[in-house]
Amino acid sequence: MENQWEFDKFHEDSYELAKNAEIKKYKNFLQTYSKNLYDLEENLHKFPYNQFNFDLDPINLESTPYEQGSLLQLIKTDNKVLNKIVTVFAALCSEIDFLVHEGENKYAYGLLLYGEGPEISKESGHNLNLMAKFVAFFQELSCFVNRCYEVVKSTLQQLNIAFSPQKAPYKIDTTEMHFKSVFIALGNLLRILLTIDLAIDYNPHLKEDWNAYKRMVKNVHHNPNKFDIDIKKFYRFEKHLIELEGKLLDGYVFQVIIAL
C-alpha cells in the first residue's frame, strides 16, 4: 500500500521563488502607498484657505497643530539599527528645517532690506550709525553660517556611512533606501547659504556703508589718542571685523561648504 503513494521531490528554488514573490508584493505596496501620500500632500498644498481680513476679523487666532511627541517616541520599530538610522536623519532634517526657516525669514530679509527707506545724506553719518548697529546682526549671521556648516558636514558624514556598509558599525542593506527627504532638506540648506551670498552682493547699500565704516575704524586706529577707548578691546574688535568681512562679505559663504 505504501508503494502506491509517490511524492514530488522538494525543489530547492521553491523557497527563493516564494520569498521573491512576497518581496515583489511588498515593493508594489510601498510604491502605491508612497504615491498616495504624495497625492495627498499635493492636494493639501493646493487647498485654498481663507485670507485674514482685518476689517472683517480684527482678531486672528492661529491654530496650527504641533507634534508633542519626541522623535524617540515616534520612531519605534522592531529593528533597533533601523531605529537609530531613522532617528539620526530625522533629527538632522528637523534641524535643517529650523535653519532654513530662520535663514529665510530673518537673515535673508535682513540683508535685502538693509538701507531701505527714505534717503538720508551720508554726510550726517547716519549710515555709519546704521552699520554700527548692523555689526551685531553680522555676528549673529556668522554664528548661523557656522551652524549650517556643522549640520551639512554631519549630514554628509551620516550619508557616507549609510551608503558605505564597510564603514558602518552595523550591517543593514541600504540599496533600497533613497533618503529623498534628507537630500531635499540638504539642498534647501545649501540654497540658504547661496541666498546669503546673493543678498549681500545685490544690496549696494550694504557694501558701501561697510566700507565707510571700515574707513572710520581705520581712522580711530591711526589716531587712538583722540578717542576715549580701551585700545586693547578696540584692536580685538578691529580683528573681529576683518574676520566677519572674510567670512560673509567676500562672497564665499557657499563656496566654503563646497570645499569642506
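Is serine 142 buried or exposed, and what is its relative accessible area? Serine 142 is buried, at a relative accessible area of 6%. Buried means under 20% relative accessible area, exposed over 50%, and partly exposed in between (1.4 Å probe, protein chains only).

The model is predicted: local features need pLDDT of at least 70, side-chain atom pairs count only at pLDDT 80 or more, and totals for chains, interfaces and linings use all residues. Residues are numbered from 1 along each chain as its sequence is written, and side-chain values use heavy atoms, with hydrogens and water left out.

**View 1. Overview of the protein chain.** The protein chain holds eight helices and zero strands. Helices (H or I, at least four residues) and strands (E, at least two) are DSSP runs, numbered from the N terminus. In order from the N terminus, the elements read α-α-α-α-α-α-α-α. Of the 260 residues in the protein chain, 25% are buried. Take contacts (heavy atoms within 4.5 Å) between residues at least 6 apart in sequence: 74% of them join residues at least 24 apart.

**View 2. Confidence along the protein chain.** pLDDT is the predictor's confidence in each residue, from 0 to 100. Its mean over the protein chain is 80, and 77% of residues reach 70 or more. Confidence is lowest in helix 2 (residues 71-74), with a mean of 68. Helix 5 has the highest, at 93.

View 3. Serine 142 belongs to helix 4. Beyond its neighbours within four places in sequence, serine 142 contacts Leu244, Lys247 and Leu248.

**View 4. The largest nonpolar core.** A nonpolar core is a set of buried Ala, Val, Leu, Ile, Met, Phe, Trp, Tyr and Cys residues joined through side-chain atoms within 4.5 Å. The largest one has 46 residues. Leu111, Phe138, Leu141, Phe144 and Ile196 have the most contacts inside it. Two or more residues each come from helix 3 (80-112), helix 4, helix 5, helix 6, helix 7 and helix 8. Helix 4 gives the most to this core, 14 residues. In soluble globular proteins, nonpolar side chains tend to be buried together. Phenylalanine 144 touches Leu99, Glu102, Gly103, Tyr107, Ile192 and Ile196, leaving out residues up to four places away in sequence.

View 5. Helix 7 (residues 231-249) has 19 residues, which should span 27 Å at 1.5 Å a residue; its end C-alpha atoms are 25 Å apart, which agrees. The expected span is 1.5 Å times one less than the number of residues. Phe234, Glu238, Leu241, Leu244, Glu245, Leu248 and Leu249 are the buried residues of helix 7. Seen down the axis of helix 7, they fall within an arc of 120°, so they line one face. The arc is that of the directions from the helix axis to the C-beta atoms. An α-helix has 3.6 residues a turn, so residues three or four places apart point the same way. Turned away from the buried side of helix 7 are the exposed residues Lys232, Arg236, Lys239 and Ile242. The cover over the buried residues of helix 7 includes helix 4 (126-162), helix 5 (180-202), helix 6 (204-222) and helix 8 (253-259). Just after helix 7, glycine 251 takes a positive phi of about 80°.

View 6. Helix 6 has 19 residues and reaches 28 Å from first C-alpha to last, close to the expected 27 Å. Its buried residues are Leu206, Asp209, Trp210, Ala212, Tyr213, Val217 and Val220. Down the axis of helix 6, these fall within an arc of 165°, so they line one face of the helix. Arg215 and His222 are exposed on the other side of helix 6. Helix 3, helix 4, helix 5 and helix 7 are among what covers the buried residues of helix 6. Asparagine 203 caps the N-terminal end of helix 6, with a side-chain oxygen 3.1 Å from the backbone nitrogen of histidine 205.

**View 7. Threonine 195 in helix 5.** Threonine 195 lies in helix 5 and is partly exposed, at a relative accessible area of 27%. Its side chain reaches the backbone oxygen of arginine 191 at 2.7 Å.

Key:
Polar contact = N/O pair within 3.5 Å; in protein donor to acceptor, adjacent residues only side chain to side chain.
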